[in-house]
Amino acid sequence: LDDVPPYFKMEPVATQIHLEGNRLVLTCMAEGSWPLEFKWLYNGTELTRFSLEYRYVIPSLDRSHAGFYRCIVRNRVGALMQRSSQVQVAYMEGFVQGERSQVVSQGEAALIFPPQIHSFPRPGITWFRDGRKIPPSSRIALTLDNTLVILSTVAPDAGRYYAQAVNDKNGENKTSQPILLNVESEF
C-alpha cells in the first residue's frame with residue numbers, strides 16, 4: 001500500500017467554552033499512514049514535542065489556559081497543521097468594591113454604577129433595593145453598561161441598592177456590597 005500523508009477527519013469546534021476547574025481533553029483526529037506523530041501548540045508556542053500521543057490533557061483548567069490550541073500531525077510522508085481551536089474559560093470572582101454611598105438632590109437623576117466584577121463571559125446584572133428586584137419603569141432604567149438610572153429622584157428612592165451578577169456559562173451568581181443612596185431635599 002502506498003504511503004498516505006496525514007489528513008484530518010474532523011475539525012474541532014472553532015471556539016469552545018469550559019468551566020474553570022474542569023478537566024480539558026483536546027483530541028487531534030487525523031488519519032494517514034502510520035506511525036502518525038502529534039505535536040501541540042498553544043498561542044503559537046510549542047507545548048509538546050512530536051509523539052504518538054494524539055491528546056493534550058489539562059487536568060484542572062484555570063483562566064490562564066484560555067487561548068488558541070492546535071496540533072501538528074506528521075508521518076514519514078509529510079506534516080499537516082490543524083486549524084486553531086480557541087479555548088475560553090468561564091469564571092467569576094466576587095465584586096471588587098465594598099460598601100459605598102452616594103448623595104443626590106431631590107428631583108435630580110441618580111446614576112448608580114454597578115461595582116466592578118471579574119467574570120468571563122460578562123455577567124448579566126439585576127438590581128435590587130432593600131431586597132426587592134427593581135422593575136424598569138418610566139422613571140427607572142438600565143443602561144447597556146448596567147448603570148441604574150433613576151430620573152427625578154424622590155425621598156422614597158433613598159435606600160440600599162445591590163447589584164446581582166449572574167454568569168450564564170457556569171451558573172454562578174454574586175451579590176455586591178450595598179450602595180447607599182441618600183436623597184437630599186432642597187429645603
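By the rule used here (a disulfide is a pair of cysteine sulfur atoms within 2.5 Å), the count comes to one disulfide. This is a predicted model, where local features need pLDDT of at least 70 and side-chain atom pairs count only at pLDDT 80 or more, while totals for chains, interfaces and linings use all residues. Residues are numbered from 1 along each chain as its sequence is written, and side-chain values use heavy atoms, leaving out hydrogens and water.

Me: What makes Cys-28 and Cys-71 a disulfide?

Reply: Their sulfur atoms lie 1.7 Å apart, and the rule asks for within 2.5 Å, so the pair qualifies. Cys-28 sits in the loop between β3 and β4 (30–31) and Cys-71 in strand β8 (residues 67–74), so the bond ties together parts that are 43 residues apart in sequence. Strands here are DSSP runs of E, at least two residues long, numbered from the N terminus.

Me: Are Cys-28 and Cys-71 buried or exposed?

Reply: Both Cys-28 and Cys-71 are buried. That word means under 20% relative accessible area, with exposed over 50% and partly exposed in between, using a 1.4 Å probe and protein chains only.

Me: Why are β3 and β7 called paired?

Reply: Two strands pair if DSSP finds at least two bridges between them. Strand β3 (residues 24–27) and strand β7 (residues 55–58) have four, in the antiparallel sense, so they pass. One of the bridges joins Thr-27 to Arg-55 in β7.

Me: Which strands pair with β20, and in what sense?

Reply: Strand β11 (residues 100–105) pairs with β20 in the parallel sense over six bridges, with Gln-102 opposite Leu-181. Strand β18 (residues 159–166) pairs with β20 in the antiparallel sense over three bridges, and there Tyr-161 has Ile-179 as its partner.

Me: Which side chains of β20 are buried?

Reply: Along β20 (residues 179–184) the side chains alternate: Ile-179, Leu-181 and Val-183 point to one face and are buried.

Me: What makes a group of residues a nonpolar core?

Reply: A nonpolar core is a set of buried Ala, Val, Leu, Ile, Met, Phe, Trp, Tyr and Cys residues joined through side-chain atoms within 4.5 Å. The largest one here has 18 residues, and Tyr-161 and Leu-181 are among those touching the most other members. Apart from that core lies another, of 16 residues, including Ala-30, Tyr-56, Leu-61 and Cys-71.
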